[in-house]
Amino acid sequence: MQEDWVKDGEGRRRRAHKRYVDVFMRLTDEGRFDPLIVMWPDGRAFPIAEVLDRGSFGPVYRGVSTARYRVRIGGHVTNLFLERHVFDATLGKPPVVRWWVEAYG
């Protein structure tokens with residue numbers, strides 16, 4: 001598992017790693033993803049009170065493009081990432097879209 005040092009919502013530097021999570025979301029008629037609930041791997045559910053910022057997908061790097069969402073879960077502001085793997089015909093891999101968060105510790 002790859003770890004990086006990042007700043008958390010309070011500005012403290014902490015060690016973090018990607019934690020893939022299930023997300024219940026709404027796909028709007030405009031094609032926008034609206035995350036509603038983050039499901040932790042142990043079954044806990046965290047309703048998203050507010051989406052503060054919807055980032056657009058960045059450039060493709062190693063076949064992956066990522067968009068950052070700033071969300072409020074309870075009284076806590078955090079980042080939720082939507083990762084898009086592009087289709088690679090040479091490898092026969094289908095396109096994949098999945099959500100992840102920065103997990104600390």
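Mentor: What follows takes the terms one at a time, and please keep in mind that this is a predicted model.

Trainee: How do you know that S6 and S7 pair?

Mentor: Two strands count as paired if at least two bridges are found between them, and strand S6 (residues 64-73) and strand S7 (residues 76-85) have ten bridges, in the antiparallel sense, so the term applies to them. Within this pair, Arg70 stands opposite Asn79 in S7, and Arg72 stands opposite Val77 in S7.

Trainee: What lies between S6 and S7?

Mentor: S6 and S7 form a hairpin with two residues between them, and in the turn Gly74 has a positive phi of about 65 degrees.

Trainee: What makes the phi of Arg62 worth a remark?

Mentor: Most residues other than glycine have a negative phi. Arg62 is not a glycine, and yet its phi is positive, at about 55 degrees. Arg62 lies in the loop between strand S5 (50-54) and S6.

Trainee: Why is Arg62 called exposed?

Mentor: The word exposed is used for a relative accessible area over 50%, and Arg62 has 73%, so Arg62 is called exposed.

Trainee: Which residues line the second largest pocket, and how are they divided into nonpolar, polar and charged?

Mentor: The lining includes Val38, Trp40, Arg44, Phe46 and Glu102, and its residues divide into seven nonpolar, three polar and two charged. Since Arg and Glu count as charged, Arg44 and Glu102 belong to the charged group. About 310 Å³ of space lies in this second largest pocket.

Trainee: Which strand gives the most to that lining?

Mentor: S8 gives the most, with four residues, and S7 and S8 each supply at least two residues of the lining of the second largest pocket.

Key
Residues are numbered from 1 along each chain as its sequence is written. This is a predicted model: local features need pLDDT of at least 70, side-chain atom pairs count only at pLDDT 80 or more; totals for chains, interfaces and linings use all residues. Side-chain values use heavy atoms; hydrogens and water are left out. On a 1 Å grid over the protein atoms alone, a cavity is a set of points where a 1.4 Å probe fits but cannot get out, and a pocket is an open set with protein on both sides within 12 Å along at least five of seven lines; lining residues have an atom within 4 Å of a point. Grid points are joined across faces, edges and corners, and a volume is the space filled by probe spheres set on the points. Buried means under 20% relative accessible area, exposed over 50%, partly exposed in between (1.4 Å probe, protein chains only).
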